[in-house]
Structure formats: C-alpha cells, structure tokens
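Let's take a friendly walk through a protein fold, one part at a time. Have the viewer ready so that you can find each part as we reach it.

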Amino acid sequence: MILFIDTHDELITIALKTKDNLYIKTQESEYSHSIYTMPMIAAVFDENKLDIKDLEKIIVVNGPGSFTGIRIGLSSAKTIAYALNIKINTISSLMAYLISSDIKKDKMAIIEDNKGYYIAATDKDNNIILDEQYVTENNYNYTVVEHKLDIKKIINYLKDAESENPHFIKANYIKKIEVEK
C-alpha cells in the first residue's frame, strides 16, 4: 500500500493506494491542518478496514505552499515512515500539478503569492524544461495547468523513484524566508 499526503494548500488530501483500489479523503482547512491531517490518515485506514502496518511507501507533497501546512504534512509522513521503517518520497506541489495535467505539450505550473510566482515547466512527457523557481514577473509563454491532483498519475510517476531518508527530507521553500536572507 502507498499513502499519499498533501497539506500544501487549504485542501488537505489523503489517499491510500492498495493493489486494487484508491481511497481518497479531502478536507477544506483554514489554517487547521494540525486538527485534520492525522485523523484523516487514521480514518482512511479504519474506514477501509486496512492496517497501517501493511503500508509500504509514503508520498508527501513538500511544497511550495502553506508554511504550517507543509510542516504538518512532512512531519506526519516522516514520523510514519520512520516508525514503520518504510520508503518515503517527496514531490513538489508544482510537479504534482504538472504530472496531473492532461495537457500534451509544454506546460507550466504557477502558484502565486502576494509578491510573485512559484513556477516550473515540463514538456509533454513531464521532462523538466524550467526548474522550480520564484519570480516576481511571469514572462513565460507556456500553457498553465490547473491546480488539481491526479493521485494515480503521481503514484505512477514515483513508482520507481529511489526512496529518501525520512531524516533528511526538507520542505520545498523556493523563496527564502526572511530569517534565511
């Protein structure tokens, strides 16, 4: 089984992929990720009568996005991966949007904040053509993808990815926070 955790935005998405099924739970959260994330993870197992001990891998979105939301998702994923000694992989929210898109040409994912844009672009085969970066002006002319996730596509994209050590997983802050400047 594979557990998918996304807390980078107001919509929390928890999914569990078994051999035959994909179970998805979502919850709108206005700065209350800490209230919902772990209970949602427990519920997806309980409601489907599955045992967390059968988990083989975790995929977690590591940002960019809500600072606190990302921290909660990463902490949850790292704790479970470490406790169960299972594989973990991260994916950025930008790459998750790009992979989820059905657009079959060069495309761009954009997350806007109050001072600029987080951007990344891939070709039709999801090969990176523009690394993730923070810009104050978007002067690129790529087709922009929707902010939607296709969990099956994301899991398939990462199925052969080398696992990461939970201790070394970090949040994906493209723009440096004030303290780091």
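Predicted model: local features only at pLDDT ≥ 70, side-chain atom pairs only at ≥ 80, totals over all residues.

The report below looks at a sheet, its central strand, the helices, the cores, the aromatic pairs and a few backbone details.

In it, 5 strands form an open sheet in the order β3-β2-β1-β4-β5, and the pairing is mixed. The edges are taken by β3 (22–28) and β5, each with a single partner strand, so one side of each is left without a neighbour in the sheet. Ignoring direction, neighbouring strands of this sheet are turned by 15 degrees against each other on average.

By contrast, β1 and β4 pair in the parallel sense over 4 bridges, with Leu3 standing opposite Ile58 in β4.

## Strand β4, inside the fold

Is β4 buried or exposed? Of its 5 residues, 5 are buried, so β4 is largely enclosed by the rest of the structure. In a regular strand the side chains alternate between the two faces of the sheet. You can follow this along β4: Lys57, Ile59 and Val61 point one way, while Ile58 and Val60 point the other way, and all are buried.

On to the strand's link with β5: the two run parallel and are joined by 5 bridges. Lys57 stands opposite Lys87 in β5. To get from β4 to β5 the chain passes through α2, and this β-α-β crossover is right-handed.

Helix α4 (residues 151–158) lies across β1, β2, β3, β4 and β5 and runs at about 115 degrees to β5.

Which residues touch the most other members of the largest nonpolar core? They are Leu3, Ile5, Ile14, Phe45, Leu55 and Ile58, out of 22 residues in that core. The elements that give two or more residues to this core are β1 (2–6), β2 (11–17), α1 (33–47), β4 (57–61) and α2 (67–84). The largest share, 5 residues, comes from α2.

Leaving aside residues up to four places away in sequence, Leu55 touches Met1, Ile2, Leu3, Leu16, Phe45, Ile80, Leu84 and Ile86. There is also a second, separate core of 21 residues, which includes Ile59, Leu94, Ile99 and Ile151.

## Aromatic pairs

How many aromatic pairs are there? The count comes to 2 aromatic pairs. Tyr118 and Tyr134 form one that is edge-to-face, at 5.0 Å centre to centre and with 65 degrees between the planes. Tyr118 lies in strand β7 (residues 117–122) and Tyr134 in strand β8 (residues 128–135), so the pair ties together parts that are 16 residues apart in sequence. Tyr118 counts as buried, at 12% relative accessibility.

Tyr140 and Tyr142 also form an aromatic pair, and this one is stacked: 6.2 Å centre to centre, with 20 degrees between the planes. Tyr140 is partly exposed, with a relative accessible area of 35%, and Tyr142 counts as partly exposed at 26% relative accessibility.

## Backbone details in the loops

Finally, follow the backbone through some loops. The peptide bond from Gly63 to Pro64 is cis, with omega near 0 degrees. Pro64 lies in the loop between β4 and α2.

Where does Lys49 sit? Lys49 is in the loop between α1 and β4, and has a positive phi of about 50 degrees although it is not a glycine. Lys49 counts as exposed at 76% relative accessibility. Asn85 also has a positive phi, near 55 degrees, in a residue other than glycine. Asn85 lies in the loop between α2 and β5 (87–91) and counts as exposed at 71% relative accessibility.

Methods
Residues numbered from 1 in each chain as written. Heavy atoms only, no water. Core = buried A, V, L, I, M, F, W, Y, C linked by side-chain atoms within 4.5 Å. Buried < 20%, exposed > 50% of the residue type's maximum accessible area, 1.4 Å probe, protein only. Contact = heavy atoms within 4.5 Å. Phe/Tyr/Trp six-rings, centres within 6.5 Å; stacked < 30°, edge-to-face > 60°. Pairing = 2+ DSSP bridges. Right-handed = clockwise from strand over helix to strand, strands pointing away. Axes fitted to C-alpha atoms, helices over the stretch in contact; angles between N-to-C directions.
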